[in-house]
Amino acid sequence: VLVRNVPPDPDESVSELVEHFFLVNHPDHYLTHQVVHNANSLSSMIKKKKKLRNRLDYYELKCSRNQAKRPTTKTGFLGLWGQKVDAIEFYTMEIDKISKEIEAERQKTTNNPKSIMPAAFVSFKTRWGAAVCAQTQQTKNPTIWLTEWASEPRDVYWQNLAIPFVSLTIRKLIMFVAFFFLTFFFMIPIAFVQSLANIEGIEKAAPFLKPVIELSLIKSFIQGFLPGIALKIFLIILPAILMLMSKFEGFTSISSLERRSASRYYFFLLINVFLGNIIAGAAFEQLDSFLNKSANDIPKTIGVAIPMKATFFITYIMIDGWAGVAGEILRLKPLIIFHIKNSFLVKTERDREEAMDPGSLGFNTGEPQIQLYFLLGLVYAVVTPILLPFIIVFFGLAFLVYRHQIINVYNQEYESAAAFWPDVHGRVITALIISQVLLLGLLTTKEAASTTPVLLALPVLTISFHRYCKNRFEPAFKRYPLQEAMMKDTLERAKEPNLNLKGYLQNAYIHPVFRGEDDDENYEITTEWEQEGLVPTKRQSRKNTPLPSKYSGSSSPSLPEVIHEPL
């Protein structure tokens, strides 16, 4: 259980406060705890030491190949200028120097009360005790001793645990305003490019290109593919921006960072890709069309524009969907990045292993795009059914490709216990409601207004179904039933009567910088696994469960590591 906003006490440390509080309020179930340290500066120093050690390994390897000539380097930035010195001696001295600084910073972080945050990871003897603590209010004051389910160790985003709890609300407000302006002002360059991505717009902006544009091949390319390509270019940098915004908000787990980024990315695609391209004209004309009409006319306005944009979305599906799936199986982008790193950055075998790391699937980008295609399929199923085969082909290819990539390519960096599904279900319901409302707007323009009252029942029934699912199934993703917790505790005591749970949990949530200065231990484990033949391929799927993620750097304890007391 993650405990936050521990009230300060001048006479006791945070660790003593946490221990005393839980021994008093949960005496039969409290087991142990780990306080949270602000170790961000120490983490930066350790990363710097890794880079220096990597450079030393490179020069030692270079010297071993040609012992007659000692390698040299310059002491300036990136070895580009400064005094020329012996490279091995220089980096050895630098490593010794930073090792002393790391040790001093580690002692400072451990012993300085200001480095200890008012938060802790608390472990309990039973699942029942943990469930009671995580799902109840601990004191009369609802703003202190706040408890929630802790993410698994690999899922913890340690940098954000150092953010003061009182600043989280302000950070969220700032990011809400920033995302609002990003979403609606991003429509201006998109609409401008879309206005130029047609024959009339280009001829008006650049009349001297008219003879070239009138060529049949160029004309077909501009009308068919240029709008989709222009939109795709604008969306390349967006996921990185949204992830930075989520990190600034202060979420403490990688899964919550990706969930928030995915929600914002879907909303952005809904506004700028779907609605922004359906309504013709520049951004200010779109805004003017909404401001000068009543709210009842908005569905009608959009409904009229939907059939006119079917061709654009067909080309968008082919460019972004089909080509994206093909690029995913070919992995051209990672291949190009690997060769660039291999040519300029890779110096040692460890560098090459890191350059070849495929990473994780990236739910914050892939899942919103897939749901956008689902929305397009629902909207155009009745309006323009010719678009449906393109959607079906995309989903068929995506199923085969992503199934292969998940099994054979990507690493599973954390386990979030299906925390994404409530958000996915909510966006599916949203897509259904949008498609039904736009269908109502379209039918009012086709002299079928008499059917509108009948169709009004569709959104009502959809919302009712969503509320039923939310009340019936969402608690399973948010809370842990005490009955099930008691059953599992009883079963575990019967099967493992001598289980030393404290030895299993006491080091699970220690900050990665206090486990060791580098990944040598983990590297030895992976080498040992390969020698045992457990992973016969070169793919790094050996990192899937017990080893650290690239964000948290902490390992997830696995059952074989459980320590049993002697009989």
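This section describes surface patches, annotated spans and selected loop residues in a predicted model.

The relative accessible area of Lys-74 is 32%. Lys-74 is therefore classed as partly exposed, because that class lies between the limits of 20% and 50%.

The largest contribution comes from helix α6, residues 168-185, which supplies seven residues to the patch. Phe-180 is located in this helix, α6. With a relative accessibility of 42%, Phe-180 is likewise counted as partly exposed.

The UniProt record, an unreviewed entry, assigns the feature "transmembrane region" to residues 173-197, 217-244, 265-284 and 370-403. For the span 370-403, the model gives 88% helix and 0% strand.

Backbone angles were examined at two residues in loops. Asn-5 is not a glycine, yet its phi is positive, at about 60°. Asn-5 is placed in the loop that joins β1 (2-4) to α1 (14-25). Ala-417, also a residue other than glycine, has a positive phi near 60°. The loop that holds Ala-417 runs between α20 (388-408) and α21 (421-443). Ala-417 has a relative accessible area of 57%, and because the limit for the exposed class is over 50%, Ala-417 is classed as exposed.

A further loop residue, Pro-113, is found between α3 (87-111) and β5 (116-124). Pro-113 is exposed, and its relative accessible area is 61%. In sequence, Pro-113 and Ser-13 are 100 residues apart. In space, the C-alpha atoms of Pro-113 and Ser-13 are 7.3 Å apart.

Conventions:
Residues numbered from 1 in each chain as written. Predicted model: local features only at pLDDT ≥ 70, side-chain atom pairs only at ≥ 80, totals over all residues. Heavy atoms only, no water. Buried < 20%, exposed > 50% of the residue type's maximum accessible area, 1.4 Å probe, protein only. UniProt positions renumbered as here; feature names shortened; annotations may be inferred. Helix = DSSP H or I, 4+ residues; strand = E, 2+ residues; numbered from the N terminus.
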